[in-house]
Protein chains: 2
Amino acid sequence: MEATAHAARFADLIGQANVLTLPDDQAPYLIEWRDLYQGVTPMVLRPGTTEEVSAVLNYAYENGLKVVPQGGNTGLMGGQIPQETGDEIVLSLARLNKIRNVDPDGFTITVEAGVVLETLQNEAEKVDRLFPLSLGAQGSCQIGGNISTNAGGTAVLAYGNTRDLVLGLEVVLPTGEIWNGLRTLRKDNTGYDLKQLFIGGEGTLGIITAASLKLFPKPKKLEAAFVGAQDPHAVLKLFSLAKAQAGPLLTGFEIMPRIGIEFCLKHLDGARDPLESEHPWYVLMELSSGSEAFEVRDLMEGILGDAFEAGLVEDAAFAQNLSQVNDFWHLRHGLSEVQKPEGGSIKHDISVPVASVPDFLDKAMEAVDAFVPGCRPVPFGHIGDGNIHFNVSQPVGADKEDYIAKWDEMNKIVHDIVLQFNGSISAEHGIGRLKKDLLKDVKQDIELDLMRRIKAAVDPKGLLNPGRIL
Amino acid sequence: MEATAHAARFADLIGQANVLTLPDDQAPYLIEWRDLYQGVTPMVLRPGTTEEVSAVLNYAYENGLKVVPQGGNTGLMGGQIPQETGDEIVLSLARLNKIRNVDPDGFTITVEAGVVLETLQNEAEKVDRLFPLSLGAQGSCQIGGNISTNAGGTAVLAYGNTRDLVLGLEVVLPTGEIWNGLRTLRKDNTGYDLKQLFIGGEGTLGIITAASLKLFPKPKKLEAAFVGAQDPHAVLKLFSLAKAQAGPLLTGFEIMPRIGIEFCLKHLDGARDPLESEHPWYVLMELSSGSEAFEVRDLMEGILGDAFEAGLVEDAAFAQNLSQVNDFWHLRHGLSEVQKPEGGSIKHDISVPVASVPDFLDKAMEAVDAFVPGCRPVPFGHIGDGNIHFNVSQPVGADKEDYIAKWDEMNKIVHDIVLQFNGSISAEHGIGRLKKDLLKDVKQDIELDLMRRIKAAVDPKGLLNPGRIL
């Protein structure tokens, strides 16, 4: 059957206006924001309800049509962009955007997949609760995509990854069948925990249409400090000390090198050197509490006082008000974009066991400098989770294209060191299409084989997001 | 081939002394502590290493032999006891009992499956860390079994279920292949999270041989209070208030009815009425902190002061020292055994959304009284997790056997109410053999079908713990 005939059938199922076949209408769904992928599709479908998603997938299953689910189109691995072959239908979840239920007493919220993360955060705030998932794309990414990629972000330290925030899922399976797993239970041991397969499954096993999620008390008190330190070994000790004293109230702990601060001072509006003198490394430390009961400021002073005495910290500045807290985070959040004007940057999203981060950094920085003398590593990020964005800027004055041509080789060097520490080559961004070919190097054959068997068991025709992950 | 021939081959693989074929040697492995099941087996195998488990399973796979993995033999659902048919080999993990690695800085520990939970707790304590999983059987249950059943216990409120404590697993698959998934990463998005299938998989998909687990700061300060309240509705409001003020420092919140306290006073050594006057319901509330920094006593006083003002609490007693804390928990932990001298008790391990617990209790208590007038519900447990042990003692003077004969009927009545609240009929004890036939009543066909497809994909010959869960 021709694509136009299929389009007509889909129009019967979800309405003509929700079947996009014109290039201009399709354009925003076919390109991702780093311009790494440009997809081609016969049509973009925009169902508005779970039942419509079910009808679409059932028709696709019967007719052997491949389907790529798409949320806010903010993924970095190309998972949500249709292949250039032009035979994959895009299914956008954007119209499934209802808040189905908010239960402040039970600390849960149930929402549809297309709800934008920031909207979800705001809905929680309206009832004096926190939905803690927080990341750069929160103004446009959708919760269904966050769950499908098990998104990370800056609040993982205290609240866990997206996986830890999910209580239940509603999923449309490749056949179009609807699995209603929307439970809001804290304890349930009745067979295999199926939802775990769809969390981080990158849309290859089913399409998440709704989720029941955990809420938390909204932070009432917040303190932040910017700290200067000699090296990552001291920073790790500071982390241990802070974690021991603050426990679950330690809600942010981000590491940055001096060069990152310098890039900010050159290229980021409103950036100011956070401390009077310069230091090789910095930490942005945040404490917060959902309760008025804790003297969070005293706690921060106690931790840093002990750290000074132990020689772990060279200098520290406390945020005196919320505006200064925001200034501190402005530096941290600016670290990605300030690398652009400095030329080419080869990126790695890695994790190692928390206690191994300093040794990893020592080895990796030495190795990339041996590979490209004069290159400028800007490793930063969530050291408390063992997750470092190990980005490496080109040497000053080098040719950008020549440098970027070394991407795969440098990746291999860094990833080999990651593996020496039993680490991960994709800590929070997933696999998608970009890292698919790397998986065989980092996984046992039996692990990949198990994944393939599960894919075949749940999606026997291999129609859902084919060629992603596996 | 005869069982004796197989036994000889297994002796070649793991040593003659570790192949138990004599009835006296086998006896402890064939009966569970509630005497509900009495198994029969050709042999009990006791491999001592992961490689030996692998060799055993490979031989079993090649020869079509069924295998039942067993840890500390404390499960309540019969999952670990071989069928009466006598064709299932028992594989005990008890000899895999090494602590492989302790990493206090990284807050992780890696242990083999046969390590007893209490041993694991002690190993953590030696390095000033907490492994929070805590339950009645901790002196004999093994961590492999805890993981396979996703055990709950009294620390779930603050630290989560066993699932939340697992960072990585080593698993021997039904074919004997070893999957080394022993990672200690806090973030890793590289394909399907396979470990989740084995957690709570009740040994039907593979045999867990080792695990990397999370550790936490060891509590430095601990406060407990015993509180009298009018009804579960007030108790739920107290929970919300306490959770909002204490957040993650609220580490225990257990509900008990007056009749439970009365049973304790009659039958439990050392039990004393915790408050001067009598109250229809009680709460044991615990706050603890891994840091010296928090004034936990002030926090407890603040919460209960607010609760008094709001009319949620009738009376409260603070534990003045650790001995009194233990006295309070002694009452709570005694609640199971004190039901025995009161005659027959029909039990339910259920959960509902936290905010629905009071309504569930109203309905369920009314329903069982209508079914057996004069029966005495003793519902108690983890109200903060929505998990209630809804046990119902026989009417005074009734015939125990007649009463116990109503077990299935009463289960059905209670479970139907659980389902009205979208709850779970097995909150923390799993399915095993005992609740297998109930699953079809509480799960969609598509959910059971998915479970069967995953079982077939991972254990195609159906040899591993057959007839459990599915």
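pLDDT is the predictor's confidence in each residue, on a scale from 0 to 100. Start by colouring chain A by this value: its mean pLDDT is 95, and 100% of its residues reach 70 or more. The model as a whole scores ipTM 0.94 and pTM 0.95.

This is a predicted model, in which local features need pLDDT of at least 70 and side-chain atom pairs count only at pLDDT 80 or more, while totals for chains, interfaces and linings use all residues. Residues are numbered from 1 along each chain as its sequence is written, chains are lettered from A and ligands numbered from 1 in the order in which they are written, and side-chain values use heavy atoms, with hydrogens and water left out.

**Chain A, domains.** Select 3-92 for domain 1, 99-217 for domain 2, 221-333 for domain 3 and 343-422 for domain 4; such bounds come from an automatic or database domain assignment. The C-alpha centres of domain 1 and domain 4 of chain A are 36 Å apart.

**Chain B, H9 and H13.** Next, select residues 232-246 (helix H9) and 357-371 (helix H13) of chain B, whose axes lie 8 Å apart at an angle of about 165°. Helices here are DSSP runs of H or I with at least four residues, numbered from the N terminus. Axes are lines fitted to C-alpha atoms over the stretch in contact, and angles run from 0 to 180 degrees between N-to-C directions. H9(B) and H13(B) are therefore roughly antiparallel (an angle over 145 degrees). On the H9(B) side, show Pro232(B), His233(B) and Leu236(B); on the H13(B) side, show Pro358(B), Asp359(B), Leu361(B) and Asp362(B). Contact means heavy atoms within 4.5 Å. These contact residues comprise four nonpolar, one polar and two charged. Ala, Val, Leu, Ile, Met, Phe, Trp, Tyr, Cys and Pro count as nonpolar, Asp, Glu, Lys and Arg as charged, and the others, including Gly, as polar.

**Between the chains.** Finally, select residues 445-458, helix H17, in both chain A and chain B; these helices pack at about 145°, with axes 9 Å apart. Leu450, Arg453, Ala457 and Val458 of each chain make the contact.

Conventions:
Helices (H or I, at least four residues) and strands (E, at least two) are DSSP runs, numbered from the N terminus. Angles under 35 degrees count as roughly parallel, over 145 as roughly antiparallel, 65 to 115 as roughly perpendicular and the rest as oblique.
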